[in-house]
Amino acid sequence: MKVILKQDIKGVGRKNEVINATDGYARNFLFPKNLAIEANTENMNKLNMQNEAKQYKKDVEKEQAKEIAKKLETITVQIKVQAGENGKIFGSVSAKEITESLENQYKIKIDKKKVELKEAIKTTGQKAVEVKLYEGVIGKVKIDVVS
């Protein structure tokens, strides 16, 4: 009997997955515990509609991420810090400071976890920083550190 799982079941399958279960297992365990529903045409259509809606939402989010990536490539974020001799900064510029400056200067909100600093910025000057906006969409923003 084909059933659609309502939640993840260890050793059986994942949520919204269609599996073949024995009749007894489905009727005596999965259905009474509300872990699955029968995979009839009505329920399959509902599942397909849900999957299409999720895919559409992912596509929209990816397009928005691509637009933000294009914006990021054209701008330069200026961060003012205290620096000593030879342009060496007291401390370093963090991802949090970069995202705050982006929001204050250009009204672009990005989570600080998405900014990928290979190493902390400890000197003044211009640097290029990668921002992972979405799966497969990476934007680059120029950071100008001035004292």
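Throughout these legends, two residues are in contact when they have heavy atoms within 4.5 Å of each other. The model is predicted, so to speak about local features we ask for pLDDT of at least 70 and for side-chain atom pairs pLDDT 80 or more, while totals for chains, interfaces and linings use all residues. Numbering starts from 1 along each chain as its sequence is written, and side-chain values use heavy atoms, with hydrogens and water left out.

**View 1. Ile121 and its contacts.** Setting aside neighbours within four places in sequence, Ile121 is in contact with Ile89, Ser92, Val93, Ile98, Lys127, Val129 and Val145. Ile121 sits in strand S7, residues 121-123 (strands are DSSP runs of E, at least two residues, and helices are runs of H or I, at least four, both numbered from the N terminus). Its relative accessibility is 4%, so Ile121 counts as buried (buried is under 20% relative accessible area, exposed is over 50%, partly exposed is in between, with a 1.4 Å probe and protein chains only).

**View 2. The largest pocket.** About 150 Å³ of space lies in here (a pocket, on a 1 Å grid over the protein atoms alone, is an open set of points where a 1.4 Å probe fits, with protein on both sides within 12 Å along at least five of seven lines, and lining residues have an atom within 4 Å of a point; the volume is the space filled by probe spheres set on the points, which are joined across faces, edges and corners). Ile121 turns up again in the lining, along with others including Glu116, Lys122, Lys127 and Val129. S7 and strand S8 (125-134) each give the lining at least two residues, and S8 has the largest share, with four. Sorted by class, the lining holds five nonpolar, no polar and six charged residues (nonpolar is Ala, Val, Leu, Ile, Met, Phe, Trp, Tyr, Cys and Pro; charged is Asp, Glu, Lys and Arg; the others, Gly among them, are polar).

**View 3. Thr99 in helix H3.** Look for Thr99 in H3, residues 95-106. At 8% relative accessibility, Thr99 counts as buried. Beyond four places in sequence, Thr99 is in contact with Ile110, Asp111, Lys112 and Val115.

**View 4. The loop between H1 and S3.** Pro32 lies between helix H1 (23-30) and strand S3 (36-38). With 56% relative accessibility, Pro32 counts as exposed; leaving out neighbours within four places in sequence, Pro32 is in contact with Ala26 and Arg27. Asn34 belongs to the loop between H1 and S3 too. Asn34 is partly exposed, at 47% relative accessible area, and has a phi near 60°, a positive value in a residue other than glycine.

**View 5. Asn16, between S1 and S2.** Here the loop runs between strand S1 (2-5) and strand S2 (18-20), and Asn16 is in it. Phi of Asn16 is near 65°, positive although the residue is not glycine. Asn16 is partly exposed, with 22% relative accessible area.
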